[in-house]
Amino acid sequence: MNTKRFGFAGVFAAFALAVSTLVAPSASAATEIVVWADESRGPNLTKVIAAKGDWVSGYTVKVVTFSSFDALKDAFDKATDASGPDIVVGGNDWVPTGAKSGKLAPLALTAAVKARFNPTQFLDLTYKGKLYGVPVDINNVAMIYNTKLVSSAPKTFGEMVSNYKSLKASKGLKAGLCVAGGGMSWGAHSVFSALGADAYQFNSRGGIVYGRTFSATTFGSNVRKYLMDGKKSNGFFPATDTGCKDNFLAGTVPYAVIGNWEWADYVAKGFTMNLMPVPGVKEGTYGKMFGSVSGALLTTFAAKHGVEAGAKSLLTNFFASTDGQVRYQAQEKRPPAEKGAQADATVSAAQRGFGSAASLAGIPQIGAFLNTNKGGANYWDSAPAYWTAVLIDGKDAVKEASKLASIWRVNVEAGKADL
């Protein structure tokens, strides 16, 4: 399940939800900039753009909202010169396919604009050395813990397991750690990583290492040690995300991986935003989560519509600015990507917490590696399949880890050509 890499699976939505926001009087049909976004971002962009009328002088901005993120993706895949947007707010893993299909246009940014962001964020939006948009918000998960069940932040993965076992009977726990946000592939990568399995490897300089993958023996042995009771699951980590959020909110799970799009639900129930990465098996180490960015992406349709200059100005003056991101994230409530916005006093504790977790243990989400299936399955399918095979079907953790390591190694090698 990869539903929260950036959005949700769904069916193409009609344009009935489209809304228009007036930025400046329109002189002609060639002065309207059309932005497409999903069901959350669309309404929030509309409010923010409407509140300040001079983001791009001389242009009208029309925000078209779709019923889900995947509905937006489906629409963009089917877009034509006549129907397509000038800017689409999409996932970083859209960049390779959009660039290859000719629907996304390269974007040149000044050094001053680039300096507003972490350089690795541009990697998420780059294909074959060309940048296709500006980072808007950080998409990541973090772990939250229930202070009514455990008193302090865990230092190791083993400490969480010990706490679960000691509280299971007396507190009626349904799990120890579960994935509430992001599913058993995207959201659960930090659990894979905490136990020794990363989707791809980095060298000391932050570069991708090809031809190498995680140690199946180390990872599989950790799964046996921390998640298994013989050939059966010990109940600490479920193989599914079903019911996780409800169970955590009900106080029957002490630790949960949650998404940065849903933190307000936890605050509303009285939970402290004590956010952190999933701790590793050794103190001071953390499981790496995908800490990629969503982007406002320039399309080739903008030039064909005669509004490319205006679209580029909207990207830099609004989407890439401190003011724009502060205003937008006050509505969207995700961690802003732009450095000035991250430091703004109006940003909430939850947004700062997710940003801090991403800084500690975030890695780029590289669609070229994760989406390919040259190894026999793509990452999104192979990751949850491992948990099912071991925790539900009782298959050997190390043998299944060996299969998984092979799949991921081949996929990374195959995806190299698309970077």
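Gly-183 sits in helix H7, which covers residues 183-187. In this predicted model, Gly-183 has a relative accessible area of 1%, and because the cut-off for buried is under 20%, Gly-183 counts as buried. Ala-268 is 85 residues away from Gly-183 along the chain, and the C-alpha atoms of the two are 22 Å apart.

From here, a look at the cores and at one pair of helices.

**Nonpolar cores**

- The largest nonpolar core has 77 residues, and the members that touch the most others are Phe-157, Leu-177, Phe-237 and Trp-387.
- Another core lies apart from it and holds 57 residues, including Val-56, Phe-122, Phe-301 and Val-307.
- Beyond its neighbours within four places in sequence, Phe-237 contacts Leu-177 and Trp-387, among others.
- The contacts of Phe-237 also include Cys-178, Val-179, Met-184, Ala-188, Val-191, Leu-227 and Leu-391.

**Helices H9 and H18**

- Helix H9 spans residues 216-227 and helix H18 spans residues 379-392; the two pack with their axes 12 Å apart.
- Their angle is about 50°, so H9 and H18 are oblique to each other.
- The crossing that H9 makes with H18 is right-handed.
- On the H9 side, the residues that meet H18 are Phe-219, Gly-220, Val-223 and Leu-227.
- On the H18 side, Tyr-386, Trp-387, Val-390 and Leu-391 meet H9.
- Seven of the residues in this contact of H9 with H18 are nonpolar, one is polar and none is charged.

**Where the topics join**

- Trp-387, one of the residues of H18 that meet H9, is also among the core members that touch the most others.
- Leu-227 of H9 and Leu-391 of H18 meet across the helix pair's contact set, and both are in contact with Phe-237.

Technical notes: Residues are numbered from 1 along each chain as its sequence is written. This is a predicted model: local features need pLDDT of at least 70, side-chain atom pairs count only at pLDDT 80 or more; totals for chains, interfaces and linings use all residues. Side-chain values use heavy atoms; hydrogens and water are left out. A nonpolar core is a set of buried Ala, Val, Leu, Ile, Met, Phe, Trp, Tyr and Cys residues joined through side-chain atoms within 4.5 Å. Buried means under 20% relative accessible area, exposed over 50%, partly exposed in between (1.4 Å probe, protein chains only). Contact means heavy atoms within 4.5 Å. Axes are lines fitted to C-alpha atoms, for helices over the stretch in contact, and angles run from 0 to 180 degrees between N-to-C directions. Helices (H or I, at least four residues) and strands (E, at least two) are DSSP runs, numbered from the N terminus. Angles under 35 degrees count as roughly parallel, over 145 as roughly antiparallel, 65 to 115 as roughly perpendicular and the rest as oblique. A crossing is left-handed if the near helix is turned anticlockwise from the far one by less than a right angle, and right-handed if clockwise. Ala, Val, Leu, Ile, Met, Phe, Trp, Tyr, Cys and Pro count as nonpolar, Asp, Glu, Lys and Arg as charged, and the others, Gly among them, as polar.
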